[in-house]
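Please read the points below alongside the sequence and the model, which are shown next.

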Amino acid sequence: MSGKTDKKDILEIKGVTKDFPGVRALDNVDFELRRGEIHGLVGENGAGKTTLLKIIDGALQPTRGEIFLEGEKVSFNNSREAIDWGIGTVHQEMNIIPYFNAIENIFLGRELTKFNFIKFHQLEEKTRDLLHRIGLSIDIDLYQEVRYLGAAERKIIEILRAINLQPKILILDEPTASLTIEEVKTLFDLLRKFKKEGMAIIFVSHHLEEVFEITDRVTVLRNGEKIGTVPTSSIKRTDLIRMMINRDIKSQYPKQKVPIGKPLLEVKGLSTDFLKDISFEVRESEIVGFAGMVSSGRTELMETIFGAKEKRSGEIYLRGQKTKIRSVREAIKNGLRLVPEERREKGIIESFSVRENLTLSHLDDFCRFDYINFNKEGRESKEIVQRLNIETPSISTEAKNLSGGNKQKLSFGKWSFGKGDIFILDEPTEGIDVGSKVEMYKFINKLIKEKAGIVLVSSDLPELLALSDRIYVMREGKIVDVLSGEKLTQENVLESTFGK
Ligand SMILES: Nc1ncnc2c1ncn2[C@@H]1O[C@H](COP(=O)(O)OP(=O)(O)OP(=O)(O)O)[C@@H](O)[C@H]1O
Ligand SMILES: [Mg+2]
């Protein structure tokens, strides 16, 4: 590849290296971005994607290397300077202020310099304009503190904030991870429009179908190194995967058939303020899928079963016995395990080490007479780290230093200790790379063989269809359909999800 600046290039990165203590996150990376292109950036968890994006948007400074924007060398000291230049970013991890409402979050630091009410009104109109322009169907309460909103709604607010800047370069770090098919479609329409207007867009996703659908070129990072940039239409999926992980994947969904056993979890007539009369069951060695749109009630249902939210009526039977689960503690004691949807807020503690995160919720397993058996704890932590391919310099590294996908693996690994037999997995593979997904499926297989029951909530339909023995479809707080056997098809699930 020539090192010469192409006039179409709006951004050029030359020989960027980024070192963190004990990790070289980027190693001598070159990267070019053209005006009017959507450029995919792919690679395994921990490959360096987010680090590269943060260097472009001023959040991080490179250890070595140069950055050129419109042919001029720049070095941003912070994100503010990059924003002023015209770089808008939608970060991988939620980056909004939970106690502010949507409007405040969108305009903070720009139009909204002082909180005065007259302006607020104008900003509301501006937000509605933005929403209208985008044609979003989601009805967001603009005055609600965003901590009460769901993951998708918050993501949309972040996207609105970035778009409102009318950036020359738009960076999207896994923007679709918490969106459903419909919302992704809307986002893609929008990106195509921006592209026509000449915007340059960098798009990161672990969903390769999305990369193939929306990008013009794609750059692959592996282990901090750039493997190459290719026109998307010129490469096959298997070849792209090989570039990413340097090996072939035999089967994307290695599902094992295990005879299904006795009922483990039965939910009968469960209702909350939102959920209406939910009944379903999960048996030993069974994977029960839950499909539905964002805010159809899936996460609320899982949290209610797990004792994190109060139910109004209904009964839960565990292994045939009526059981009251009044708190998360009781749920855990009864063998339930929940891998929550929002890893950063609910799944892990950022300032704790990998090891502490892995063992925190079941320290009992390692304690004898009030002493923690650190050897055992360390050994088992290392095993989980290996088994789930959690990329970390050591088990004492703080969780906050892991890449997004590795945090998700950590939140999953946490529950693989101890004596759980009912696993509720809420979007467990969101943000996980192709290779590690397979590892995770194998891990689920192992649980199934040990007679565990799995409740799988996933917006990744191919995954849900491939793994589930039965799928319940939820809409507006109700179970509207249950599909199994030959009825388990994408069309059927979609039809029930959106209503006829
Ligand atoms: N602040 C930090 N301190 C130490 N190490 C870090 C820090 N940020 C990232 N790293 C390390 O740098 C490497 C690259 O991480 P990065 O977040 O860029 O990966 P990624 O490609 O975005 O992965 P993912 O798909 O999981 O989001 C990883 O090994 C990660 O642990
Ligand atoms: Mg990342």
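1. By class, the shell around ligand 1 holds five nonpolar, twelve polar and four charged residues, where Ala, Val, Leu, Ile, Met, Phe, Trp, Tyr, Cys and Pro count as nonpolar, Asp, Glu, Lys and Arg as charged, and the others, Gly among them, as polar. In this predicted model, local features need pLDDT of at least 70, and side-chain atom pairs count only at pLDDT 80 or more, whereas totals for chains, interfaces and linings use all residues. Residues are numbered from 1 along each chain as its sequence is written, chains are lettered from A and ligands numbered from 1 in the order in which they are written, and side-chain values use heavy atoms, with hydrogens and water left out.

2. Ligand 1 is surrounded by 21 residues (a heavy atom within 4 Å), and the closest are T50, T51, E391, S403 and G405.

3. The shell around ligand 1 takes at least three residues from each of domain 1 (9–245) and domain 2 (263–498), with bounds from an automatic or database domain assignment.
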